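Subject: Structure handover

Hello,

Here is the structure we talked about. Please open it alongside this note, then read on for what was found.

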Amino acid sequence: MSSSAPAPQPASSASASMSASTATAPAENVVVLDDVVAGYLPGVNILNGANLTAAKGELIGIIGPNGAGKSTMLKAIFGQVKVRSGSVTLNGEDITGLRANKLVAKGVGFVPQTNNVFPSLTIAENLQMGAYQRPRGLRERVDFVTSIFPDLGKRLQQRAGSLSGGERQMVAMGRALMMDPHVLLLDEPSAGLSPSRQDEAFLRVSEINKAGVTTIMVEQNARRCLQICDRGYVLDQGRDAYTGTGRDLLNDPNVIGLYLGTLGA
Ligand SMILES: Nc1ncnc2c1ncn2[C@@H]1O[C@H](COP(=O)(O)OP(=O)(O)OP(=O)(O)O)[C@@H](O)[C@H]1O
Ligand SMILES: [Mg+2]
(Lines give C-alpha, C1' and ligand atoms only; values in the text may rest on other atoms or scores of the structure.)
(Ligands and ions follow the chains in the order given, each with its own letter.)
Protein backbone atom coordinates (compact mmCIF):
# COMPACT_ATOMS: atom_id res chain seq x y z
CA MET A 1 0.00 0.00 0.00
CA SER A 2 1.32 3.40 -0.89
CA SER A 3 0.46 4.84 2.55
CA SER A 4 3.01 2.52 4.13
CA ALA A 5 5.66 2.99 1.43
CA PRO A 6 9.06 4.03 2.75
CA ALA A 7 10.03 7.67 2.40
CA PRO A 8 12.68 8.59 -0.18
CA GLN A 9 16.11 7.65 1.05
CA PRO A 10 19.31 9.57 0.66
CA ALA A 11 21.53 6.89 -0.81
CA SER A 12 24.16 7.23 1.89
CA SER A 13 21.79 5.94 4.54
CA ALA A 14 20.68 3.06 2.33
CA SER A 15 24.04 1.90 1.07
CA ALA A 16 25.00 -0.30 4.03
CA SER A 17 21.82 -2.32 3.88
CA MET A 18 22.02 -2.40 0.08
CA SER A 19 25.41 -4.13 0.23
CA ALA A 20 24.18 -6.56 2.82
CA SER A 21 21.06 -7.43 0.88
CA THR A 22 23.00 -7.95 -2.33
CA ALA A 23 25.02 -10.79 -0.80
CA THR A 24 21.79 -12.75 -0.55
CA ALA A 25 19.98 -11.07 -3.44
CA PRO A 26 16.32 -12.04 -3.23
CA ALA A 27 15.21 -14.06 -6.24
CA GLU A 28 12.72 -11.39 -7.24
CA ASN A 29 15.49 -8.83 -7.76
CA VAL A 30 16.15 -9.15 -11.46
CA VAL A 31 18.83 -6.47 -11.81
CA VAL A 32 21.13 -5.33 -9.00
CA LEU A 33 23.91 -2.77 -9.26
CA ASP A 34 25.99 -2.84 -6.11
CA ASP A 35 28.44 0.01 -5.45
CA VAL A 36 29.40 0.29 -9.11
CA VAL A 37 32.43 2.41 -9.99
CA ALA A 38 32.86 2.82 -13.75
CA GLY A 39 34.44 5.14 -16.27
CA TYR A 40 35.71 5.53 -19.81
CA LEU A 41 39.10 7.21 -19.40
CA PRO A 42 41.92 6.06 -17.12
CA GLY A 43 41.67 7.67 -13.70
CA VAL A 44 38.27 9.27 -14.38
CA ASN A 45 35.30 7.63 -12.71
CA ILE A 46 31.85 8.54 -13.97
CA LEU A 47 29.91 6.22 -11.66
CA ASN A 48 31.19 6.66 -8.11
CA GLY A 49 29.51 3.84 -6.22
CA ALA A 50 26.08 3.62 -7.82
CA ASN A 51 23.38 1.27 -6.54
CA LEU A 52 20.11 0.17 -8.11
CA THR A 53 17.71 -2.72 -7.80
CA ALA A 54 14.92 -3.65 -10.17
CA ALA A 55 12.49 -6.31 -9.02
CA LYS A 56 10.66 -8.58 -11.44
CA GLY A 57 8.10 -6.59 -13.39
CA GLU A 58 9.08 -3.21 -11.98
CA LEU A 59 9.31 -0.01 -14.00
CA ILE A 60 12.33 1.88 -12.68
CA GLY A 61 13.07 5.49 -13.59
CA ILE A 62 16.50 7.13 -13.45
CA ILE A 63 16.58 10.91 -13.48
CA GLY A 64 19.29 13.48 -12.78
CA PRO A 65 21.16 16.42 -14.24
CA ASN A 66 23.01 16.28 -17.57
CA GLY A 67 26.29 14.46 -17.20
CA ALA A 68 25.26 12.76 -13.93
CA GLY A 69 26.06 9.35 -15.42
CA LYS A 70 22.54 8.14 -16.26
CA SER A 71 23.46 6.72 -19.67
CA THR A 72 26.65 5.34 -18.15
CA MET A 73 24.54 3.46 -15.60
CA LEU A 74 22.64 1.67 -18.37
CA LYS A 75 25.91 1.05 -20.20
CA ALA A 76 27.35 -0.47 -17.02
CA ILE A 77 24.50 -2.98 -17.01
CA PHE A 78 24.95 -3.69 -20.71
CA GLY A 79 28.74 -4.14 -20.66
CA GLN A 80 29.43 -0.94 -22.59
CA VAL A 81 31.66 0.78 -20.05
CA LYS A 82 34.48 -0.54 -17.89
CA VAL A 83 33.19 -1.43 -14.41
CA ARG A 84 36.19 -0.87 -12.13
CA SER A 85 34.65 -2.15 -8.92
CA GLY A 86 31.29 -3.23 -7.60
CA SER A 87 29.03 -5.65 -9.40
CA VAL A 88 26.05 -6.02 -11.69
CA THR A 89 23.87 -9.09 -11.28
CA LEU A 90 21.01 -10.46 -13.34
CA ASN A 91 18.72 -12.87 -11.52
CA GLY A 92 21.49 -13.35 -8.97
CA GLU A 93 24.13 -14.16 -11.60
CA ASP A 94 27.18 -11.90 -11.83
CA ILE A 95 27.09 -10.26 -15.28
CA THR A 96 29.63 -7.51 -14.59
CA GLY A 97 31.41 -6.69 -17.85
CA LEU A 98 29.62 -9.40 -19.82
CA ARG A 99 29.44 -8.56 -23.52
CA ALA A 100 26.30 -7.30 -25.17
CA ASN A 101 25.62 -10.38 -27.30
CA LYS A 102 25.72 -12.59 -24.18
CA LEU A 103 23.37 -10.22 -22.38
CA VAL A 104 20.95 -10.21 -25.30
CA ALA A 105 20.97 -14.02 -25.20
CA LYS A 106 20.14 -13.78 -21.48
CA GLY A 107 17.09 -11.67 -22.25
CA VAL A 108 18.36 -8.11 -21.78
CA GLY A 109 17.39 -5.48 -24.36
CA PHE A 110 19.05 -2.06 -24.62
CA VAL A 111 17.82 0.99 -26.50
CA PRO A 112 20.66 3.56 -26.48
CA GLN A 113 20.12 7.31 -26.35
CA THR A 114 21.37 7.96 -29.90
CA ASN A 115 22.24 6.13 -33.12
CA ASN A 116 19.79 3.41 -32.33
CA VAL A 117 18.43 2.51 -35.79
CA PHE A 118 20.03 1.53 -39.09
CA PRO A 119 18.88 4.47 -41.24
CA SER A 120 19.50 2.82 -44.61
CA LEU A 121 17.40 -0.23 -43.71
CA THR A 122 13.62 -0.45 -43.76
CA ILE A 123 11.60 -0.74 -40.57
CA ALA A 124 11.07 -4.45 -41.29
CA GLU A 125 14.81 -4.98 -41.79
CA ASN A 126 15.59 -3.08 -38.59
CA LEU A 127 13.23 -5.37 -36.70
CA GLN A 128 14.80 -8.45 -38.30
CA MET A 129 18.24 -7.21 -37.23
CA GLY A 130 16.93 -7.21 -33.68
CA ALA A 131 16.20 -10.92 -33.93
CA TYR A 132 19.41 -12.05 -35.61
CA GLN A 133 20.20 -14.27 -32.63
CA ARG A 134 16.70 -15.70 -32.67
CA PRO A 135 15.66 -16.39 -36.25
CA ARG A 136 12.70 -18.61 -35.29
CA GLY A 137 9.36 -17.10 -34.44
CA LEU A 138 10.17 -13.94 -36.38
CA ARG A 139 6.62 -13.46 -37.64
CA GLU A 140 5.16 -13.71 -34.14
CA ARG A 141 7.63 -11.19 -32.76
CA VAL A 142 6.89 -8.72 -35.58
CA ASP A 143 3.19 -9.18 -34.82
CA PHE A 144 3.80 -8.45 -31.13
CA VAL A 145 5.91 -5.36 -31.89
CA THR A 146 3.42 -3.97 -34.39
CA SER A 147 0.59 -4.58 -31.90
CA ILE A 148 2.40 -2.21 -29.54
CA PHE A 149 3.48 0.18 -32.30
CA PRO A 150 0.68 -0.02 -34.92
CA ASP A 151 2.18 2.88 -36.91
CA LEU A 152 5.29 0.82 -37.57
CA GLY A 153 3.20 -2.08 -38.85
CA LYS A 154 1.68 0.15 -41.53
CA ARG A 155 5.07 1.31 -42.77
CA LEU A 156 7.27 -1.78 -42.60
CA GLN A 157 8.89 -1.08 -45.99
CA GLN A 158 9.80 2.54 -45.22
CA ARG A 159 13.46 3.34 -44.63
CA ALA A 160 14.20 4.14 -40.99
CA GLY A 161 16.31 7.13 -42.10
CA SER A 162 13.20 8.85 -43.40
CA LEU A 163 11.37 8.64 -40.05
CA SER A 164 11.00 11.37 -37.43
CA GLY A 165 13.02 11.15 -34.23
CA GLY A 166 10.07 9.78 -32.31
CA GLU A 167 9.32 7.17 -34.93
CA ARG A 168 12.95 6.09 -34.92
CA GLN A 169 12.79 5.72 -31.16
CA MET A 170 9.82 3.40 -31.62
CA VAL A 171 11.73 1.36 -34.21
CA ALA A 172 14.62 1.12 -31.75
CA MET A 173 12.30 -0.06 -28.98
CA GLY A 174 10.64 -2.46 -31.39
CA ARG A 175 14.00 -3.84 -32.41
CA ALA A 176 14.95 -4.47 -28.79
CA LEU A 177 11.61 -6.22 -28.23
CA MET A 178 12.25 -8.63 -31.11
CA MET A 179 14.38 -10.80 -28.82
CA ASP A 180 11.52 -11.10 -26.34
CA PRO A 181 13.60 -9.58 -23.53
CA HIS A 182 12.59 -9.88 -19.90
CA VAL A 183 14.64 -6.80 -19.02
CA LEU A 184 14.56 -3.63 -21.11
CA LEU A 185 16.98 -0.73 -20.67
CA LEU A 186 15.68 2.48 -22.24
CA ASP A 187 17.76 5.63 -22.57
CA GLU A 188 15.50 8.68 -22.93
CA PRO A 189 12.59 7.25 -24.91
CA SER A 190 10.85 10.65 -24.99
CA ALA A 191 13.86 12.75 -26.05
CA GLY A 192 13.17 15.28 -28.76
CA LEU A 193 9.46 14.50 -29.01
CA SER A 194 6.54 16.92 -29.05
CA PRO A 195 4.43 16.81 -25.85
CA SER A 196 1.77 14.61 -27.46
CA ARG A 197 4.40 12.27 -28.87
CA GLN A 198 6.01 12.15 -25.43
CA ASP A 199 2.68 11.04 -23.98
CA GLU A 200 2.57 8.29 -26.56
CA ALA A 201 6.13 7.18 -25.84
CA PHE A 202 5.40 6.92 -22.10
CA LEU A 203 2.20 5.00 -22.83
CA ARG A 204 4.14 2.53 -24.94
CA VAL A 205 6.76 2.09 -22.24
CA SER A 206 3.99 1.39 -19.71
CA GLU A 207 2.41 -1.13 -22.07
CA ILE A 208 5.70 -2.94 -22.60
CA ASN A 209 6.28 -3.02 -18.84
CA LYS A 210 2.75 -4.28 -18.18
CA ALA A 211 3.40 -7.09 -20.65
CA GLY A 212 5.84 -8.36 -17.99
CA VAL A 213 9.12 -6.75 -19.03
CA THR A 214 11.20 -5.41 -16.13
CA THR A 215 12.07 -1.94 -17.40
CA ILE A 216 14.79 0.52 -16.42
CA MET A 217 14.27 3.89 -18.07
CA VAL A 218 16.52 6.95 -18.05
CA GLU A 219 14.57 10.14 -18.63
CA GLN A 220 15.26 13.84 -18.98
CA ASN A 221 11.53 14.41 -18.56
CA ALA A 222 11.78 13.83 -14.82
CA ARG A 223 8.23 14.52 -13.67
CA ARG A 224 6.59 12.38 -16.32
CA CYS A 225 9.07 9.62 -15.65
CA LEU A 226 8.36 9.64 -11.90
CA GLN A 227 4.62 9.71 -12.58
CA ILE A 228 4.69 6.41 -14.42
CA CYS A 229 7.52 4.51 -12.72
CA ASP A 230 7.12 2.24 -9.71
CA ARG A 231 10.37 3.45 -8.17
CA GLY A 232 12.88 6.06 -9.15
CA TYR A 233 16.51 6.94 -8.60
CA VAL A 234 17.97 10.42 -8.70
CA LEU A 235 21.50 10.10 -9.97
CA ASP A 236 23.90 12.93 -9.17
CA GLN A 237 27.65 12.92 -9.86
CA GLY A 238 27.64 9.20 -10.43
CA ARG A 239 25.82 8.25 -7.25
CA ASP A 240 22.23 7.38 -6.47
CA ALA A 241 21.44 10.47 -4.41
CA TYR A 242 17.78 9.68 -3.71
CA THR A 243 15.53 6.71 -4.22
CA GLY A 244 11.91 5.96 -3.47
CA THR A 245 8.59 5.37 -5.15
CA GLY A 246 7.89 7.70 -8.05
CA ARG A 247 5.21 9.42 -5.97
CA ASP A 248 7.49 9.86 -2.95
CA LEU A 249 10.23 11.41 -5.05
CA LEU A 250 7.75 13.74 -6.76
CA ASN A 251 6.66 15.01 -3.34
CA ASP A 252 10.07 15.10 -1.64
CA PRO A 253 11.06 18.73 -0.95
CA ASN A 254 14.77 17.99 -1.42
CA VAL A 255 14.19 16.29 -4.75
CA ILE A 256 11.87 19.10 -5.87
CA GLY A 257 14.28 21.80 -4.75
CA LEU A 258 17.42 20.22 -6.11
CA TYR A 259 16.23 18.44 -9.23
CA LEU A 260 12.61 18.83 -10.30
CA GLY A 261 12.73 22.62 -10.50
CA THR A 262 15.32 22.52 -13.21
CA LEU A 263 14.51 19.19 -14.84
CA GLY A 264 11.65 18.66 -17.27
CA ALA A 265 8.51 20.38 -15.97
N1 LIG B 1 32.53 7.39 -24.44
C2 LIG B 1 32.90 8.28 -23.51
N3 LIG B 1 34.21 8.60 -23.31
C4 LIG B 1 34.58 9.49 -22.37
N5 LIG B 1 33.71 10.13 -21.54
C6 LIG B 1 32.41 9.85 -21.68
C7 LIG B 1 31.94 8.93 -22.67
N8 LIG B 1 30.58 8.86 -22.58
C9 LIG B 1 30.24 9.70 -21.59
N10 LIG B 1 31.32 10.30 -21.05
C11 LIG B 1 31.32 11.27 -19.95
O12 LIG B 1 30.67 10.70 -18.83
C13 LIG B 1 29.91 11.68 -18.13
C14 LIG B 1 28.51 11.17 -17.91
O15 LIG B 1 27.93 10.94 -19.17
P16 LIG B 1 26.52 10.25 -19.34
O17 LIG B 1 26.27 10.19 -20.80
O18 LIG B 1 26.45 8.99 -18.57
O19 LIG B 1 25.58 11.33 -18.62
P20 LIG B 1 24.00 11.46 -18.64
O21 LIG B 1 23.57 11.60 -17.21
O22 LIG B 1 23.39 10.37 -19.44
O23 LIG B 1 23.83 12.87 -19.36
P24 LIG B 1 22.69 13.40 -20.38
O25 LIG B 1 21.53 13.80 -19.51
O26 LIG B 1 23.33 14.58 -21.02
O27 LIG B 1 22.35 12.30 -21.35
C28 LIG B 1 30.01 12.96 -18.94
O29 LIG B 1 30.96 13.80 -18.33
C30 LIG B 1 30.50 12.50 -20.28
O31 LIG B 1 31.27 13.46 -20.92
MG1 LIG C 1 22.41 10.32 -21.20
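A definition to begin with: Ala, Val, Leu, Ile, Met, Phe, Trp, Tyr, Cys and Pro count as nonpolar, Asp, Glu, Lys and Arg as charged, and the others, Gly among them, as polar. On that basis, the shell around ligand 1 holds 4 nonpolar, 7 polar and 2 charged residues.

Two notes on the basis of all this. The model is predicted, so local features need pLDDT of at least 70 and side-chain atom pairs count only at pLDDT 80 or more, while totals for chains, interfaces and linings use all residues. Residues are numbered from 1 along each chain as its sequence is written, chains are lettered from A and ligands numbered from 1 in the order in which they are written, and side-chain values use heavy atoms, with hydrogens and water left out.

Ligand 1

The shell has 13 residues. A residue belongs there if one of its heavy atoms lies within 4 Å of the ligand. The closest are Asn66, Gly67, Lys70, Ser71 and Thr72.

Taken alone, ligand 1 exposes 640 Å², and the protein buries 62% of that. Accessible areas come from the Shrake-Rupley method with a 1.4 Å probe; for residues, only the protein chains shown count as cover.

The magnesium ion

Ligand 2 is a magnesium ion, coordinated by Ser71 (OG) and Gln113 (OE1) at 2.0 to 2.3 Å. Donors are N, O and S atoms within 2.8 Å of the metal (3.2 Å for Na, K and Ca); water is not among the atoms, so sites may look incomplete.

Helices (H or I, at least four residues) and strands (E, at least two) are DSSP runs, numbered from the N terminus.

Buried means under 20% relative accessible area, exposed over 50%, partly exposed in between (1.4 Å probe, protein chains only). Serine 71 is buried, at 17%. Glutamine 113 is partly exposed, at 35%.

Helix α2

Helix α2 is mostly covered, with 7 of its 8 residues buried. Among them are Lys70, Ser71 and Thr72. Lysine 75, also in α2, is partly exposed at 27%. The C-alpha of lysine 75 is 9.6 Å from that of aspartate 187, 112 residues away along the chain. Just after α2, glycine 79 takes a positive phi of about 65°.

Strands

Strand β7 (residues 108-111) is covered on both faces. Val108 and Phe110 are buried on one side, Gly109 and Val111 on the other. β7 runs parallel to β8 (residues 183-187), joined by 4 bridges. Two strands pair if DSSP finds at least two bridges between them. In this pairing, valine 108 stands opposite valine 183.

There is also an open sheet of 4 strands, in the order β3-β2-β5-β6, with antiparallel pairing. Its edge strands are β3 (47-55) and β6 (93-94), each pairing on one side only. 7 bridges join β2 (residues 29-39) to β3. Valine 31 of that pairing faces alanine 54 in β3.

Positive phi angles

Most residues other than glycine have a negative phi. Which residues other than glycine have a positive value near 55°? Aspartate 180 is one, and glutamate 188 is another. Aspartate 180 sits in the loop between α7 (165-177) and β8, and is partly exposed at 42%. Glutamate 188 is in the loop between β8 and α8 (195-210), and is buried at 5%.

One more residue

Valine 255 lies in helix α11 (residues 253-260). How covered is valine 255, buried or exposed? Valine 255 is buried, with a relative accessible area of 0%. Its C-alpha is 7.6 Å from that of tyrosine 242, 13 residues away in sequence.

Best wishes
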